[in-house]
Amino acid sequence: MSDILIVDDERDIRELISDILRDEGYQTRLAANSDECMQAINSEPPGLIILDIWLKDSRMDGIDILKTVKRDNPDIPVVIISGHGNIEIAVAAIKQGAYDFIEKPFNIDQLMVVIRRAMEASRLRRENAELRRRETALSVMVGSSPAFRALKSQLDKVTRSNSRVMLTGPAGVGKETAARYIHAHSNRADGPFVSVACAAIEPDRMEEVLFGRESPDRGVERGLLEEAHGGVLYFDEVADMPLGTQSKILRVLVDQTFTRVGGGDKVRVDVRVMSSTRADLPRAIEDGRFREELYHRLNVVPIAVPSLEERREDIPELARHFIDEFHRTEGLPMRELSDEAAAVLQTMSWPGNVRQLRNVVERVLILGEGTGPITAREIPRGDTEAESDEEITLSGALAALPLREAREMFERAYLLTQINRFGGNISRTANFVGMERSALHRKLKSLNIVTSNRAGARVARVEEADASGK
């Protein structure tokens with residue numbers, strides 16, 4: 001549903017529109033009559049239809065086709081064009097569900113504006129419908145580490161209230177999953193969960209998308225706020241919301257009413273608002289890019305979602321969860337995760353967090369070697385595959401050191417990795433590395449390694465004074 005079907009009995013018109021759209025990067029299909037039109041729709045539903053009302057040598061006129069499309073494919077937007085335009089025809093087309101009506105000869109710029117808006121509205125409807133279908137799966141929280149348990153405890157507490165929640169954390173940590181978990185376990189679980197991708201919507205379209213619009217010709221078109229009535233409206237990356245829209249959202253949060261674009265009547269809604277950001281909002285406030293009043297309204301209950309580095313213990317469990325998910329939803333092989341592969345995943349760097357881990361698991365299942373357990377060799381590390389177990393390449397810095405200093409550097413890096421892998425649990429680390437717990441404590445002290453709390457977990461680090469050299 002990404003191409004545009006152009007239906008017009010005049011060859012010059014349909015080819016002209018097609019050439020313009022192709023220049024703009026769209027794919028097109030052409031139909032000269034109702035039979036060709038319905039055949040094209042039935043073979044592969046288009047993303048949008050540009051439809052002439054008067055079609056020569058056709059069993060159905062444009063209004064008949066419009067009725068059929070809206071009955072069988074209600075999500076396909078239809079833009080009506082006509083060389084015999086009048087207000088009665090336009091009103092009839094809009095009443096039957098047309099997205100807009102354009103009279104021939106049309107202005108190219110006007111046509112392109114309508115097409116872009118129709119395609120965007122269609123995409124948003126499909127995304128919201130798909131998210132609602134996947135809501136249960138998307139709200140599953142996976143993990144057992146201290147950092148994860150601390151997060152889940154906070155989420156469970158806010159499910160019992162109607163307070164506004166601000167979820168913070170780097171990209172890919174699962175902020176939307178946390179928001180969906182709150183919604184799925186709250187008294188609004190039967191209501192909609194509507195996600196607003198603040199960074200993906202054009203600034204000059206934001207108010208129309210959120211508040212909807214109304215006009216004499218088109219009637220009332222509901223926005224996302226009305227779609228979220230009785231449920232949750234989730235602002236993803238709220239720092240990207242235009243300043244002008246921020247002031248209007250602030251008023252909505254205060255009294256839960258708003259006015260549609262082009263309208264005059266107040267619309268009342270009942271929505272719970274949640275938001276997320278990876279940005280430093282206090283800094284954005286100082287820079288004049290975010291309204292301080294809105295920040296305080298949204299930040300009633302702040303919850304920090306930990307990075308994958310802060311919950312490395314959960315990596316094997318998350319990987320196995322994704323393996324099962326891809327097997328059920330994509331038909332990819334159901335494979336075991338070997339202990340060696342799990343250890344490699346736990347020691348890797350994850351700047352993309354849970355989203356990056358999910359992508360790595362999918363890649364391994366697609367390109368993997370057979371259906372047996374996933375091996376360490378199959379785990380991709382950056383742009384290259386994991387090194388052979390039999391081959392170790394020293395870094396230039398390590399190779400240039402005397403044995404004693406190189407050994408100390410290796411031991412420090414190795415033990416830091418293992419302690420963080422086991423969530424700061426010294427007993428489990430000692431058991432894995434094959435040392436007595438007391439001996440491990442002495443070794444850590446000699447290497448200036450200490451543990452401290454961060455995001456509810458114990459994290460190992462080198463003391464600053466000794467890390468810079470004595």
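Visitor: What should I know about the numbering and the model before we start?
Guide: Residues are numbered from 1 along each chain as its sequence is written. The model is predicted, so local features need pLDDT of at least 70, side-chain atom pairs count only at pLDDT 80 or more, totals for chains, interfaces and linings use all residues, and side-chain values use heavy atoms, with hydrogens and water left out.

Visitor: In what order do the five strands of the open sheet lie?
Guide: Strands here are DSSP runs (E, at least two residues; helices are H or I, at least four), numbered from the N terminus. Two of them pair if DSSP finds at least two bridges between them. The pairing in this sheet is parallel, and the order is β2-β1-β3-β4-β5.

Visitor: Which residue in β3 stands opposite Ile-6?
Guide: Strand β1 (residues 4-7) pairs with β3 (residues 48-52) over four bridges, in the parallel sense. Opposite Ile-6 you'll find Ile-50.

Visitor: Is Gln-256 buried or exposed?
Guide: Gln-256 sits in the loop between α11 (243-255) and β11 (257-259). Buried means under 20% relative accessible area, exposed over 50%, partly exposed in between (1.4 Å probe, protein chains only). Gln-256 has 17% relative accessibility, so it counts as buried.

Visitor: How far is the backbone nitrogen of Val-271 from a polar atom of the Gln-256 side chain?
Guide: Val-271 is one of the residues that Gln-256 touches, not counting residues up to four places away in sequence; contact means heavy atoms within 4.5 Å. From that backbone nitrogen of Val-271 to a polar side-chain atom of Gln-256, the distance is 3.0 Å.

Notes. A polar contact is a pair of N or O atoms within 3.5 Å; within protein, one must be able to donate a hydrogen and the other to accept it, and residues adjacent in sequence count only if both atoms are side-chain atoms.
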